[in-house]
Amino acid sequence: LLHIIRQSMAQALFLKLDTRGGLADAAITDKSLRCMLDGTSFDVRGLSIVLSKFGDAKRTAELETVLRYFHNRGLEVNAFHASIALNACRKCCEWVQALHLLRTMRRLCVEMNIIVYSAAINACAKGGEWSQALHILHGLGASRV
């Protein structure tokens, strides 16, 4: 599994994902990838970059694997990371994946906030799944977020 994650991350990070034709943060991304592959610490900013790149590449199905990998390595996965992943799903109209990520975030004990729930609601709304969006909204009242 580790080999697959590393290979997928390397592919995503080294693709030219920027719509202007290049990676604006190529040096940071390259350094972050090298740190991960060398087994040294991988910071919170690096995780944000990785999630963004997977989203830009429309590889939302791999976001959960990335989040779980970093969580299992002891890196703090927080509401900011959750919202990046959920917004990537929104951009790709992947509302099912967004709901799956929302459940994963709860299982990883990520502190959920209004921004995370809003990102999930927006993903469902963009996918035309208003009933799912309303279900999340109803759950917000019950959880007192």
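**Entry 1: the core**

I began with the largest nonpolar core, which holds 36 residues. Leu63, Leu86, Leu102, Met105 and Ile136 touch the most other members. Next I checked which elements give two or more residues to this core, and found H3, H4, H5, helix H6 (95–107), helix H7 (114–126) and helix H8 (130–143). A reminder to myself: this is a predicted model. I also jotted down the general rule that nonpolar side chains tend to be buried together in soluble globular proteins.

**Entry 2: the whole chain**

I stepped back to see the overall make-up. Of the 145 residues, 45% are buried. I then looked at contacts between residues at least 6 apart in sequence, and 63% of these join residues at least 24 apart.

What does Leu102 touch, once neighbours within four places in sequence are left aside? I found Leu86, Met112, Val116, Tyr117, Ala120 and Ile136.

Then I turned to H6 and H7 themselves. Their axes come within 8 Å and cross at roughly 160°. Angles over 145 degrees count as roughly antiparallel, and H6 and H7 are therefore roughly antiparallel to each other. I noted the crossing of H6 past H7 as left-handed. From H6, the contact uses Trp95, Ala98, Leu99, Leu102 and Arg106; from H7, it uses Val116, Tyr117, Ala120, Ala123 and Cys124. Sorted by class, this contact has 9 nonpolar, no polar and 1 charged residues.

**Entry 3: the H3–H5 pair**

How do helix H3 (residues 44–56) and helix H5 (residues 79–91) cross? Their axes come within 9 Å, at an angle of roughly 10°. The cut-off for roughly parallel is under 35 degrees, and H3 and H5 are therefore roughly parallel to each other. On the H3 side I listed Val44, Leu47, Ser48, Leu51, Ser52 and Gly55. They meet Phe80, His81, Ile84 and Ala88 in H5. By class, the contact of H3 with H5 has 6 nonpolar, 4 polar and no charged residues.

**Entry 4: Ala82**

I stayed in helix H5 for Ala82. Is Ala82 buried or exposed? Its relative accessible area is 1%, and the cut-off for buried is under 20%, so Ala82 counts as buried. Leaving aside neighbours within four places in sequence, Ala82 is in contact with Met105 and Val116. I also checked Ala82 against Leu51: they are 31 residues apart along the chain, and their C-alpha atoms are separated by 9.3 Å.

In helix H4 (residues 63–72), I marked Leu63, Glu64, Val66, Leu67, Tyr69 and Phe70 as buried. Gly74 follows H4, and its phi is positive, near 90°.

Val77 sits in the loop between H4 and H5. With a relative accessible area of 9%, Val77 is buried too. Which residues does Val77 touch, not counting those up to four places away in sequence? My list reads Leu47, Leu67, Phe70, His71, Met105 and Val110.

How values were computed. Residues numbered from 1 in each chain as written. Predicted model: local features only at pLDDT ≥ 70, side-chain atom pairs only at ≥ 80, totals over all residues. Heavy atoms only, no water. Buried < 20%, exposed > 50% of the residue type's maximum accessible area, 1.4 Å probe, protein only. Helix = DSSP H or I, 4+ residues; strand = E, 2+ residues; numbered from the N terminus. Axes fitted to C-alpha atoms, helices over the stretch in contact; angles between N-to-C directions. Parallel < 35°, antiparallel > 145°, perpendicular 65-115°, else oblique. Contact = heavy atoms within 4.5 Å. Nonpolar A, V, L, I, M, F, W, Y, C, P; charged D, E, K, R; others polar. Core = buried A, V, L, I, M, F, W, Y, C linked by side-chain atoms within 4.5 Å. Left-handed = near helix turned anticlockwise from the far one by under 90°.
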